[in-house]
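Subject: Structure handover

Hi,

Here is the structure I promised to pass on to you.

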Amino acid sequence: MSEVKKVATREAYGNALAEFGESYPDMVVLDADLAAATKTGVFRKKFPERHIDCGIAEANMMGIAAGLSLTGKIPVASTFAMFAAGRAFEQVRNSIGYPHLNVKIGATHAGITVGEDGASHQCNEDIALMRTIPGMTILNPSDAVEARACVKAALDYVGPVYMRFGRAAVPVINDRPDYHFEIGKGQLLKEGTDVTVVATGILVNSALEAAAKLEADGVSAEVINICTIKPLDKELIIRSAKKTGRVVTAEEHSIIGGLGGAVCEALCEGAPVPVCRIGIRDVFGESGSAAALLEKYELDGEGVYRQIRSFLGKA
Amino acid sequence: MDNLELMKHANDVRKGIVAAVHGAKAGHPGGSLSAADIFTFLYFEEMNIDPKNPKMENRDRFVLSKGHTAPGLYSALANRGYFPVEDLPTLRHLGSYLQGHPCLQHVPGVDMSSGSLGQGISAAVGMALGARMSGKEFRVYTLLGDGEIEEGQVWEAAMFAGHRKLDNLVVIVDNNGLQIDGPIDQVCSPNPIDKKFEAFNFHVINLKDGNDMDQIRAAFAEARATKGMPTAIIAHTLKGKGVSFMEGSVDWHGKAPNDAEFEIAMADLERIGEALCQK
């Protein structure tokens, strides 16, 4: 088997900003002293006059983005997820969400794969926070291909969008000619009959690996990629849940309030079936390599496989 | 417009504030009244705006960072012709477009939603930056409370504006000296306010009497003439200005007059109005 190509979604994000800079002349990119890490530096190199470094002041950055959007710009405000959704939550809610401004938030270093920096920087709560803001669109791409598509879709969409990217290099899984991204549409990646695995972000790859292992055990798993957490593709999830009767959610995020929460809310109204939420189990993370952490918190293919087996009573 | 005319408008703006807050049975009269002369000067003299075309592309922008004084902004907008003055008493009522704090989507003439203190100034800075990046000539004004500047975000925004030398930005601090819990220098003193803005690379104008139209006019002229740095106008005002029992009283920061108090307040303003007509 050939070596799988790995690219961090933040890398694809920075490249996409630079790529689309020309066709979106109103786009301006804001950062808070993290341009090298968030990869907005790639855009800065190409369009220095349209890159605004706000210094280490995320709350102000969100407000400046709001003001810029009111002059016709399409601001993309970028920092780590911890600060974008965490520190600046109220600015995002009141200065961007409430007036429903055309601001894009590029939040990188989301989840536990931040790695060595440890729990202070591992944001496992951002999806939950952003989901509660009326009118907020939330995109959580599974790989570099999808990350690029998200940036393009966000630029074409009018209104606030929260985009979630990761630090660690992850396998490219959507590199196929028929790949098509649309906000609000989930993707059925693998059909199955015994259990539905709804995954988001880098856990989509883990879900696919787990599904392959389950197949070998004689378990047929359906795998759905939910990149748009909000608005959620309820129809696709409910249809699949009705077919398989059991649902697993998988995300690099707290099991509280993220994809798991969103799917449970949809299913309890549309197709009440047993659900197993795979994610960070209401704990803070810790330092370690991304790979070691994914293994320890059972978020790699093997860990997801084990958890699904146990859910199915096959432990 | 001459200063006497402006003073008459300011008095009408004050009547609208009292009527709005009385109608709402809630709201913030003290800080609305202290800033009434500044609201009036901005909307009747200083800013390039068109009430018939509130979204005019190259209009000057105003952000009420101290959003709780929405009655002051709404009354200025209504008196300027953005919407009927008769609507002011619907303030804060269910179904009224006059939300408790300024709302971009509901109120004609409101350039930015605000109310959570410290946030409006950042949006104003973003607008000023946007104007510069697009080569547009419009100016941006934002009004802050002196209690509001205890918020850290204010200084993040000020640092950025000073660093970027945004000379199309005017930050006005309504320095009436009182916040909800008491005098600002007893709660958590932001003083000296002028030296702080100077340190953040602003041109600072100490407006000795922010309720005096001559001095207000001179301050905004100086701001307009200032190049290469943003301007901060520290306007020393009287909280509750114009209503005898509200003046200088912290009790009227966020309280509505009852019917009897409403009558006294309106009589106060009628007297002031009559005196202005005698001039």
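Predicted model: local features only at pLDDT ≥ 70, side-chain atom pairs only at ≥ 80, totals over all residues.

The interface comes first. Chain A puts 26 residues into the contact and chain B puts in 27 residues. About 2,000 Å² is buried between chain A and chain B, with 58% of that area coming from carbon and sulfur atoms. There are 9 residue pairs in polar contact between chain A and chain B, counting pairs with both residues at pLDDT 80 or more. On the side of chain A that touches chain B, β3 (51-53), α4 (58-69) and α6 (89-97) of chain A each supply at least two residues. The largest share of that side, 8 residues, is from α4(A). By type, the residues on this side of chain A are 12 nonpolar, 8 polar and 6 charged.

- E58(A) and R87(A) form a salt bridge, with their closest N and O atoms 3.8 Å apart. E58(A) sits in helix α4 and R87(A) in helix α5 (residues 81-87) of chain A, so this pair ties together parts 29 residues apart in sequence. E58(A) is buried at 4% relative accessibility, while R87(A) is exposed at 55%.
- E302(A) and K213(A) pair at 3.2 Å between the closest N and O atoms. Both are partly exposed, E302(A) at 34% and K213(A) at 32%. The two also belong to a network of salt bridges that links K213(A), R281(A), E298(A), E302(A) and R306(A).
- D111(B) and R59(B) form a salt bridge with the closest N and O atoms 3.0 Å apart. D111(B) is buried at 5%, and R59(B) is buried at 8%.

Now to chain B as a whole. Chain B has 10 helices and 7 strands. Its radius of gyration is 17 Å, close to the 19 Å that the globule rule gives for 279 residues, so chain B is as compact as a globular protein of that length. Buried residues account for 59% of the 279 residues in chain B.

H68(B) is buried, at 14% relative accessibility. Beyond its neighbours within four places in sequence, H68(B) contacts H28(B), H101(B), L117(B) and H253(B).

Best wishes

Methods: Residues numbered from 1 in each chain as written. Chains lettered and ligands numbered in written order. Heavy atoms only, no water. Contact = heavy atoms within 4.5 Å. Buried area = accessible area lost by both parts, 1.4 Å probe. Polar contact = N/O pair within 3.5 Å; in protein donor to acceptor, adjacent residues only side chain to side chain. Helix = DSSP H or I, 4+ residues; strand = E, 2+ residues; numbered from the N terminus. Nonpolar A, V, L, I, M, F, W, Y, C, P; charged D, E, K, R; others polar. Rg over C-alpha atoms; globule rule 2.2 N^0.38 Å. Buried < 20%, exposed > 50% of the residue type's maximum accessible area, 1.4 Å probe, protein only. Salt bridge = Lys/Arg side-chain N within 4 Å of Asp/Glu carboxyl O.
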